[in-house]
Every structure is written in C-alpha cells, then in structure tokens.
Amino acid sequence: GASRPMLPAQQWCSTCICGEKVGGLATERTLGTKYDSLYEADLAPIRPAKASEVLSFSMATDQPLRGAPIRYGRLWYLLGDERVELVTVTLHNNGIVIVCKERKAAISLSPFALIRNCRFHDTYKDRDISDLKVFKISLFAQSLVYHFGVRCEDPTEAEAERLLWVADLVRVVARINQSLFPPFDMSCKPIVSVASTFRRLMAGYLIYYEDRGPAATVLYAELHAHSHLDGQAILELYEDEHCEVLAVEIVLTAETKCSENQGIGSSCFAVEDHRLSARTCLERRLWLRALSNIKVKLQNKAPTPSAEELSVYRDAIEDQLLSTRSALEEERTAVADLDPLLRRLPRKSASPFLTPRRSSRMNSRGNDSITARGFSAGTDCCPDEPDSRCPSRIVPEEAPPKPTRDLFEFSPPKPGNDSRPVVRISV
C-alpha cells in the first residue's frame, strides 16, 4: 500500500523495553499488505465521516503561566561551564518562572517534559558545588535541559527539599498531560461499522508529538494484530475514536524499536522515531507491554491469529484494564474539570500538518537554525548524548550523562573590550 505521512525525526536516545540502548534510530521501513481477507466479507456499511476539530495544542515554551504559585524558593542554577547562579524559582500550574537578579525567564512545560534526579561524578573534586542535590527538567522535544541544585547545611534537609521540588514538578507535568485528553475508556472491541478496526487488539487516545510548531496532537491510537503474510503489525492513529480519518500509520516489525523515556512519573514512550504520551504511567505500561507481545510474535513468525485467538488476546488486555481501572479513575477524577493547560491550535484536520519523515540522524532544523530560545545553534542536542555546554560533572542518578541548553547563555566580549562575558537570558 501507499505509505502514510509521517513526522520528521530528530536525533534522540532512550532505553528500549528490552534493556537495549537505542540511538540514531533507523527510519527506513516498507509498507506492505497488512492483512489477509479473512474478515472482509459481509461487512456493515461504513458511516460517513463526521466533521470535527482535531485536539492539537502548542508546545511553545513562551505561553502564559496559569494559576497561583504552587512552590517558591531559592535554587542554584548550574551553568555549562560548571558555574552556578543563585536564582528564584516559582512553579505554576503549567510552567516555571526563573529570576536571577534583574533577569527573568518564564518557561511553560509540556507532556514531553522529563524530571530526573542527578548527581555529580564520584571523582568530582569541586567542593564549592559538589554538595548540591541536583535535579533536572528536560524538555527533550525542544532539546532543552535545565539543571537546578538544592543546598542546605544538613544534607538530609537538602535531599528532602529536592524531593519536594521533584514531586511537585512531576505532578505539574502529569496535570498538563492529562488536561489535554478528552474523556475516554480504553477499548478492545472493534467498531462494527468500520471494517479497518476488525483486527483491533486495543485502542485509546495518545498524544502525538509533531515537530512542526512544535505541537502536541491528541490522536486515537489502535493497535492491530500481527499478520504472518508480511511479518508486520500496524499501529494506526486516527483523528478521533470514530476511526474514520487516518492521520498516522506506523508499521511494526520484529526489529521495530519500542522505548520508554526515562523520567520520574513519565507517561512518554516512542515507537521508532514517533514520540507519544499516554494519559497515565499505567496506560503507558500497558501500551508498551502490548507492543512487546506483538514483537515477540513477529520474531517467532507466529501465524495470523484466528477470530477465536483474537478474542483471547482481547480478554487478556481487558483483564489488565480491569486491574488498573480503580487507579485510572482516581487519576482521571483529579483532572475531570481541568481546562487544557496548553494553548489550543485551531485545526480541522491533522493530516495537513504531517510531513514526510527525515532521517533520525539529521538535524531537522538545518545547520543555521533558530532554537526554541531564539538563538542560533548548529545542531540539535540529544537527551542522552553529551553536549558541549552541559555541566560535565553531572549525571542523572543511575543513568547516563544528559545534555543541557543553558537558560543563561554567555555572549563573548566584543573585540577590544576586556570586560567579562555578559550574562543574557535565553527565553
């Protein structure tokens, strides 16, 4: 069949669910025949498509912050040259405000923000900052990372203070994420009037990252059973739960990389170069488990499941949904009356925004691009690769080194001027 439009990929790295480190993910894949004709006879008529607006939200970092401050305090901001600045940080419902002397930066967060604890390398000898309890905010979709440190005379108090900041940040990102979803229940049953859903295993809304904008678009994802005829399975993303307008089609093979993004309380994951966010951590776990099971069947060249076997698979997934339903209800109740915390984009359809995929090894913005902060940058940095401006002695706890793009960038002195570089805020 004809290939469906895909999004451009960027360089990035994550941890595969099988434990493999994934980097520079391959993007070449072929679309073939999806299924045999087993379920194509005597189908109910397909309903005409209904007019609707796609739920799409801006991920720009300069959006107005909402609500009263949730947390306020003094933290140390770690610069790329291993210097620190004492800043005032205020946490709001959808972002943070950072103030350093007379300079101020407001940064709105998104579902694709990761919160991690960090530590210094064991060999680091700089006693001036090695006592800091460090955490980071990683906006990996925009290739931006901020490191903050907590300092107290008592290390136990510093650890407790960091824990409070991290817990509140995780809750803010989770509320932003969940505020974008419409009310829905995960489904395993096909839609009788829509033939393309007859081999559905599970379906539900996911947030799909679009590089153009960037934007967070809520699409209805449907995972199909595998087929032995072409050794593939399909993950289709529609504009809504009616499954009438297809926006993205992802072909799954035995070699497809499925990975989760490492972050406390994160609901983000990826299938090859497609970045997704589930409504909750529990739903992310369910999606990844289902994808893993599909890959195992493809690797073992299992035969195409019959109608009876499909029913067994669906029942197993339904059992998993039932076991987590109470926890999901609690999380949904907490944001039931919450308005979306990101700016809505006026869109009638997702399709015009989907662009052909580019190589994941290439910089999608070009060599002289403008970063999300407004300054020129030669390349996009990857969340799991070193960056020249990263605090070189800091690593996430129990994780590889991560990069940073500094909030406070340093301009070189003008020729003939012996004064020190001037700090400027990159907003």
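Arg 116 has Lys 136 in strand 9 as its bridge partner. Strand 8 and strand 9 (residues 133–139) run antiparallel and are joined by 5 bridges; two strands count as paired if DSSP finds at least two bridges between them. Strand 8 (residues 114–120) is largely enclosed by the rest of the structure, because 5 of its 7 residues are buried. Buried means under 20% relative accessible area, exposed means over 50%, and partly exposed lies in between (1.4 Å probe, protein chains only).

This is a predicted model, in which local features need pLDDT of at least 70 and side-chain atom pairs count only at pLDDT 80 or more, whereas totals for chains, interfaces and linings use all residues. Residues are numbered from 1 along each chain as its sequence is written, and side-chain values use heavy atoms, with hydrogens and water left out.

The chain contains 3 helices and 22 strands, taken as DSSP runs numbered from the N terminus (helices H or I, at least four residues; strands E, at least two). Of its 427 residues, 52% are buried. Among contacts (heavy atoms within 4.5 Å) with a separation of 6 or more, 65% are between residues 24 or more positions apart.

| Residue | Relative accessible area | Class |
|---|---|---|
| Cys 152 | 28% | partly exposed |
| Cys 188 | 1% | buried |
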